[in-house]
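Please open the structure in a viewer and keep the selection tool at hand.

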Amino acid sequence: MPLVDNAVFNEGFTFLTNHGMSLDEIQKHLSDGISVEQLVSTAQDLVARGEPITTQEIVPRPKQLQTISAPDLQKAVLPPLRFLVEDVLPEGTSLISAASKIGKSWMVLDLGLCVAAGLPFMGHKTNRCGVLYLALEDSLGRLQGRMNKVLGGKPPPPQFHFTTEAPKLDNGLLETLSAHLVQHPETKLLIVDTLGSQAGQWPVGNPFRPLGAAPGDQAADC
């Protein structure tokens, strides 16, 4: 369950009760999955129109698309694209795909160590930041050996963190990663090795299952 800001909740609760909504009505809407923010926003609209909120079925308003016209986009002054590895790895989501056992894990380990230390990667400048490497098909012993080979006797960067275990996407992975980012706000590069291993269970007939996931089965490597 997402955390609710106490101040926001109390202010919204006061608004609703002051305009005639009972405790039972508030609890019913919250139990139906309507957030405090959605409940208050819809109630405020009803009050603005002079309609009593106690007699209305309050439902979440659909999110509106945030659009921009072509002329406005043409005139817009947009920030430049930022890179973790100049001209190679921009901020955002990237996917490394290649044949099995060709060296992808070695490459991303080298990439992460370079970025965490602010050293060039494959001849390209890096912008130093924290790194979290989800090495979900490795052991700590194997990672230690690989890291020492890549570093060649140099000390490892302290902003680089490993883990060999993580929950699946459908079982709290994003919440776990969010908690790590709160503890380590310097982290800007997240490496998931492999993404397919984190997909979890996907029902038969789901057209949006990730690459490598067989219907009804655990996701497999690509």
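**A tour by selection**

Select Met122, which is exposed, with a relative accessible area of 63% (buried means under 20% relative accessible area, exposed over 50%, partly exposed in between, with a 1.4 Å probe and protein chains only). This is a predicted model, in which local features need pLDDT of at least 70, side-chain atom pairs count only at pLDDT 80 or more, and totals for chains, interfaces and linings use all residues. Residues are numbered from 1 along each chain as its sequence is written, and side-chain values use heavy atoms, with hydrogens and water left out.

Met122 is found in the loop between α5 and β3; helices (H or I, at least four residues) and strands (E, at least two) are DSSP runs, numbered from the N terminus. The phi of Met122 is near 55 degrees, a positive value in a residue other than glycine.

Next, select Lys101, in the loop between β2 (89-90) and α5. Lys101 is exposed, at 78% relative accessibility, and its phi is near 65 degrees.

Now select Asp138, in the loop between β3 (130-135) and α6 (140-151). Asp138 is buried, at 12% relative accessible area. Its side chain makes a polar contact with the side chain of Arg142 at 2.8 Å (a pair of N or O atoms within 3.5 Å; within protein, one must be able to donate a hydrogen and the other to accept it, and residues adjacent in sequence count only if both atoms are side-chain atoms).

Finally, select Leu111. Not counting residues up to four places away in sequence, Leu111 touches Val85, Leu89, Phe121 and Leu189 (contact means heavy atoms within 4.5 Å).
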